[in-house]
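Subject: Structure handover

Hi,

Here is the structure for your files. My notes follow below it.

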Amino acid sequence: FAEVLLNEKAQASGEQRRDYVGLILKAGRQLLALVTDTLDFAELEAGRVRFVPDDVPIADLLDDAVAMMMPIAKDRAVTLAIAGTPDRIPAVRADRRRLLQILTNLLSNAVKYNVPGGHATVSAAVAEQGWVRIAVEDTGRGIPAERQAEVFEPFNRLGAEARTIEGTGIGLTICRRLILRMGGRIGFESRVGQGSRFWVLLPAAEGAPQDQAPLDDEPIRERA
């Protein structure tokens, strides 16, 4: 498409040119994501990833992650929302940049593998004494029970490679290795035709109050 745009003999209209530029940008972003994931995976394999532990406020983290994923959600007609009141949840002890990377990866999957007009939500709650759970839930196709054991395998896209959904197949592998290195845990529940719920469990920051779990019936804050 870049060659077409540079070709003086091409008689592409203004609208066609915009479409071509959009396709070039989309391909560039996909390539950047592929390179970034591959480099992260290689660094994790070599044990060269460094972490900077800090007290990470949950509300700010969720706001940033949702803001980053909102353009993708709008493009795919998926409603992206924050559930509950994360400002009442204790901060967690983690590397903020890496935790944001994990959360945006989970949100990206919740949007990409959703259905048009579907919903994706992120929430946080006190899971047990000294731990905080962050969960990302979607209304997508779900993962068949017989393939759920493969979810965290590197370069395994569970058949998504046969569809037009872009991806590398190592995003969840990276998420799992990063969260384990930060002293946390990751898991999921999924049902075909109903969607998936991925969660990460992290230690609360030292000295954070432990009795501020959100109410189950608190409203969802949708992001337009």
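**Strands**

In the β4–β5 hairpin, two residues lie between the strands, and Gly-130 takes a positive phi near 85°. This is a predicted model: local features need pLDDT of at least 70, side-chain atom pairs need 80 or more, and totals for chains, interfaces and linings use all residues. Numbering starts from 1 along each chain as its sequence is written, and side-chain values use heavy atoms, with hydrogens and water left out.

Strands (E, at least two residues) and helices (H or I, at least four) are DSSP runs, numbered from the N terminus. Two strands pair if DSSP finds at least two bridges between them. β4 and β5 (residues 131-138) run antiparallel, joined by eight bridges. Ala-125 sits opposite Arg-133 in β5. β2 (residues 79-83) pairs with β4 (residues 119-128) in the parallel sense, over four bridges. There, Thr-79 stands opposite His-119.

**Helix α4**

α4 covers residues 96-112. Of its 17 residues, 14 are buried (under 20% relative accessible area; exposed is over 50%, partly exposed in between; 1.4 Å probe, protein chains only). At its start, a side-chain oxygen of Asp-95 comes within 3.1 Å of the backbone nitrogen of Arg-97.

**Salt bridges**

There are four (a side-chain nitrogen of Lys or Arg within 4 Å of a carboxyl oxygen of Asp or Glu). One joins Asp-64 and Arg-96 at 2.6 Å, N to O. That pair links α3 (residues 58-75) to α4, 32 residues apart. Asp-64 is partly exposed at 33% relative accessibility. Arg-96 is also partly exposed, at 30%. Another is Arg-147 with Glu-150, at 2.9 Å.

Best wishes

Definitions and conventions:
Expected span 1.5 Å × (residues − 1). Polar contact = N/O pair within 3.5 Å; in protein donor to acceptor, adjacent residues only side chain to side chain.
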